[in-house]
Amino acid sequence: MDPENVLHGNTLRIYLHMLKKKKPLGVREIMRELGYSTPSLVHYHLNKLLNAGLIKQDGSKYVIARSVKIGLVKYSTVLFGRILPKFSMYAGLFLALLISSTILLINNELTILAFFSIFISFLAFLIMLVEAINLWNDLKKYYRIDRNNS
C-alpha cells in the first residue's frame, strides 16, 4: 500500500503522534493520549500503517518502522519531542540575519544597499513566518483532541 494514500486524517494523526513520542506505543495508550473512543478505531488505523510498512509491531506495542517525507510530514521536523514546521526554523534564521545586519549597518553609513539588505532580510523573514503559521495551523488539526470522541 502506498504511504501517500494512507497518511491523511486519523491515520496521519496517529503516525505524527508516534513520530513525536519516539517509543513503542500500545493501542490503549494511543487511544487515551489522542482521545479516541474505542481501541478498535485506533487498531484500524494502526493496521493501515502496518500494511503500508510505516510501522511495525513489537509484541503488543507499535513502533515507527520508517519515516516518510510526504504530505504535511515533508514540511515538518521533530525537534526536542515537538513537531515543528521547517519554515519556523527558516524564519528564525532570517530574523537573526535581519537583526544582525541592522545592528551592523546602523554602526556604519546607511546606504541604499544597506536599506535593500535590511528590506530583503525582513521580507524573507515575513514570508517564512507566514508559511510557518499556515503549516502550523494545518498541523494543529491533527493534535486537537475531540472531547466528543471519548
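Two strands count as paired if DSSP finds at least two bridges between them. Helices (H or I, at least four residues) and strands (E, at least two) are DSSP runs, numbered from the N terminus. The model is a predicted one, where local features need pLDDT of at least 70 and side-chain atom pairs pLDDT 80 or more, while totals for chains, interfaces and linings use all residues. Residues are numbered from 1 along each chain as its sequence is written, and side-chain values use heavy atoms, with hydrogens and water left out.

On to the strands: S4 (residues 76-79) and S5 (residues 82-85) pair antiparallel over 4 bridges, and Leu 79 has Arg 82 in S5 as its bridge partner. The two strands make a hairpin with 2 residues between them, and Phe 80 in the turn has a positive phi of about 55°.

Then there is helix H4. Buried here (under 20% relative accessible area, with exposed over 50% and partly exposed in between; 1.4 Å probe, protein chains only) are Val 42, His 45, Leu 46, Lys 48 and Leu 49. Down the axis of H4, these buried residues fall within an arc of 150° (taken from the directions from the helix axis to the C-beta atoms), so they line one face of the helix. Ser 40 and Asn 51 are exposed on the face turned away from that buried side. After H4 comes Gly 53, with a positive phi near 80°.

Leu 49 also has partners beyond its neighbours within four places in sequence: it is in contact (heavy atoms within 4.5 Å) with Val 6, Leu 7, Thr 11, Ile 14, Tyr 15, Leu 54 and Ile 55.
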